[in-house]
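Hello,

Here is the structure I said I would pass on. My notes are below it.

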Amino acid sequence: MSKIELKVNGRSHTLDIEPATPLLYILRNDLGLQGPRFGCGLGQCGACTVIINGAAVRSCIMPASSVKGEVTTLEGLTVNGRLHPLQQAWINEQVPQCGFCQNGQIMTAKAMLDKNPNPTDAQIRESMNGTLCRCMSYYRVQTAIKRAAKAVADASPASGKEVVA
Amino acid sequence: MSASERIPKQIEEVLMTHRRGFLRSAGMLAVSFGAYAGGWATESDAQSSGAAQGPGPYHDPDFRQIDSWIVIHENNTATFYVGKTDLGQGTGTGFRQLMSDELDMAFDKTTCIMGSTDITVDQNGSGGSTAMERDSWPARRAAAEARRVLLEMAAVRLGVPIDRLAVRDAVITAKTDPSKRVTYGELIAGKRFNVTLTGANVSSVTGQAKTKPVQELRYTGQSMQRDDIPAKVDGSLKWAVDVKLPGMVHARNVKPPFACAKLSSIDESSVKSLPGFIKVVSKGNYVAVVCEREEQAIRAARQLKTTWEKPSTSPFPASEDLFNYMRAAAATSSSRPVVAGDPDAAFSGAAKIIETEYEIPFQGHTAFAGAHATADPSNGQMTVYSNDMKSYGMRRCVATFLGMPQDRVRVVWMQGPQGFGRTAADDAGCEAAWIAREIGRPVRVQWMRDEETAWDTKSPAFLVKMRGALDAEGRLVAYDFNARSCDYNHVGYNEPDTVLIAQLMGSRPAKPAAGTTAIPSDMYAIPNRKMAGDVVGLPIVWETPLRTGNLRDPNGPQSTFAAESFIDEAAAAAKIDPLEFRMKMLKAGSDDDSGFRRARSIAVLKAAAETYGWDTRPSPKPGGNGNILTGRGVAYSFRGQTVVAQIAEVEVNRQTGRVWAKRLVCAHDCGLVVNPESLRRSVECGMLHGLSRALHEEVRFDTEKVTSMDWISHPTLRHADVPERIDILLVNGDPNPNRPDLPPYGAGEASLKPMLAAIGNAIHDATGVRIRRVPFRDDRVLAALKGAGV
């Protein structure tokens, strides 16, 4: 056991924990977060995705001790009750079926859009290809990503509009 | 975001508060709402409630009482209680639409609680796409009766006869004097209806009131947004995996390393010194490790040293030998052949006979997360928090398995990953309950990825032989369908003696379930038909990862792949366009049941063809020279009264064998559409699930274990596979489309059924090569193309 410091969604935490513990279990069981979920424990499906330093990271295979930087989870996308444009687009497009994978879909899409705000269809497919959905909501996920990208572009200072996906 | 989109969450607390208040005042607070989270309660509810579990016993809600279905609150809102579970198709929202309409209350003033055994009536949970088709009716009738009773109460309160009262949005007014008004909340809140419904069972339960004609339904038919989605995209929904109870510990299973293995020894010292270790629990061949923390249990289960004895015979052939095995195996049972006309005479007089054989391997449910449940043994009761789609069945299963009276067991249903039937044969609930009782503490169990993929229930493998006779004009005059399904010992719904832990502990029924095969629906007017099927078994059927269970439209995709591929082969042999070939065998009519479906079949096929822009010509398409070959295929099917036609356009890469479905069209007729957008999403996802089964999914195994264990060894559809364009057409092909009693038919599962054949037919159109074995993986397609010199 050793003390580790974690900053998650703007809050700092000190935890006395086995350093090899995958980040996922700390987020879920110590910090009470429900966005990241266990899907495979192998980094293959994306259900556990969080964002660290702008990158979508599979928290099920990341030892807590190797986290360098602030962790953002799905809960952290909503600021002061205001949904992120991706979350809003997800509601407008009615994306989820069961919804269990959607943490991974949204967080992976966010990391992609933060780097590339206006992706092509091919770039969306490529960036999202490792994020699985067993209900097969993929087509709607891709539609919602485009909708969110457009909403953000329309709300850029040049457009003078507010972000409403 | 508009206010209405957030209302379900905003009123959630109010509703829950009112509901608690109501139940207390009505003396119904038999359950604590501790950790209750049937879609609505929040973490704070669980924490604030104090007690982790109410005292029990947990009596069944009486389905003959309106109060079991509807609670109206002081603020003139309502909560509906239904005994169904929502697996992600939006059925909860659908129930709200129908019940709001019958009750005459604004949709956004209602919410719906589903599937928890002690507070919702037993409608058997979900399955078979029956939520709207069958189980919405008693809920509608209860809502209609509640409205009638409220009008009666208002008549007394206002001193105005019922026929002079009007009701809208839960406000009753005198037609001639709108100042005379009373709300539902003012009439009933805090009190019980105490109105007894009639009916022999939950499905037939009814009051005196009649349900409204379709034309008077206000929300039904509208695309109301699903109420569960906001909490699913902001991380606030509490899923079954999120349950946390005071003193809760974690367990992980240690599965046998091969099928039918006998446990020889457990070396507890291999894990005793690990952090958080509590106990190894074991009985028979069932082994699990319990630790304080989740990651500790995962580590300890991996590290526990066990030795196992192999069975004396191989439990099954290797997957590459499966179909040879199935051809040679003796049938464990055979269905009586369905015969029409005189097939033998028609075959002997045929101008041309076609004989083919189709192979569909075992395909897994492979839920997105492993089976999971949390069980709480407090107070001598057992509460199981579970995503079991048939929570009532799990309750009976757990009670029998543990030898507890049923009223001491309850299952709290919560959302979970879609399992397509997997959670109807849930394993984790019994495991959690058994371990919880063993250690006397609440315990959470979850299967790991390899366990779930290897050991979940499988859809039966099928081998289908078909024969057809064409006459000189190219008409299909006779048809012979013969299926063999590898389905002996099909696992039923939450059975206490077939659930895996029971098998591993040595408990099992006297005889395995016989299993089933399937024959295609009588979709075409083929004068001479013979259809039959055999079930075959594997050498060992207990304690094996190749146990079959119901996967979304059980057996439908398999038999339809064969039947609808075959029709295409017959069309190609007759050199007739495959759509035209089908149309010629369809005759409209509404005088009998199959005629009614046939009229709607014509409508969906026409709709799909028009939207796609179908070019009439025989298949295959004249060969192209490039690396990418393109083609289109059609297939259609029934499921119950729902009729579905699908067209796929594919690109086949001649160099790699990769098949990409570039475009999909689906025309779908399921009668009354409760929520069009929600239905379109379900159909779209069902089609893509069919596409995944067509392109990727196959369970692989050697002669002692399943070797498909994760998303690499058991691939599924991915983002890159998704079509460029999908069109979903909701068709009402009813010969009398405006009738007032148009019923809803089961919608979801039907959307999967024709897709395997549509893809195979499109590959044939593109390449001229007929592949009679799914999935159409790159290597299989490439080998087939090379074999045919394409």
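Predicted model: local features only at pLDDT ≥ 70, side-chain atom pairs only at ≥ 80, totals over all residues.

Chain A against chain B: the contact involves 49 residues of chain A and 52 residues of chain B. On the chain A side, the elements that supply two or more residues are helix H1 (23-30), helix H2 (85-92), helix H3 (102-115), helix H4 (121-128) and helix H5 (138-154). Sorted by class, that side of chain A holds 22 nonpolar, 21 polar and 6 charged residues.

Domains of chain A: the chain is divided into domain 1 (2-75) and domain 2 (85-154). Their C-alpha centres are 21 Å apart. Domain 1 puts 14 residues into the contact and domain 2 puts in 13 residues. On the domain 1 side, strand S3 (49-52) and strand S4 (55-58) of chain A each give two or more residues; S3(A) gives the most, with 3 residues. The class counts for this side of domain 1 are 8 nonpolar, 5 polar and 1 charged.

Helix pair in chain B: the axes of helix H17 (residues 676-695) and helix H18 (residues 755-767) come within 8 Å and cross at roughly 60 degrees. The two helices are therefore oblique to each other, and H17(B) passes H18(B) in a right-handed crossing. From H17(B), the contact uses B:Met687, B:Gly690, B:Leu691, B:Arg693 and B:Ala694; from H18(B), it uses B:Met755, B:Leu756 and B:Ile759. These contact residues divide into 6 nonpolar, 1 polar and 1 charged.

Regards

Definitions and conventions: Residues numbered from 1 in each chain as written. Chains lettered and ligands numbered in written order. Contact = placed C-beta atoms within 7 Å. Helix = DSSP H or I, 4+ residues; strand = E, 2+ residues; numbered from the N terminus. Nonpolar A, V, L, I, M, F, W, Y, C, P; charged D, E, K, R; others polar. Domains from an automatic or database assignment. Axes fitted to C-alpha atoms, helices over the stretch in contact; angles between N-to-C directions. Parallel < 35°, antiparallel > 145°, perpendicular 65-115°, else oblique. Left-handed = near helix turned anticlockwise from the far one by under 90°.
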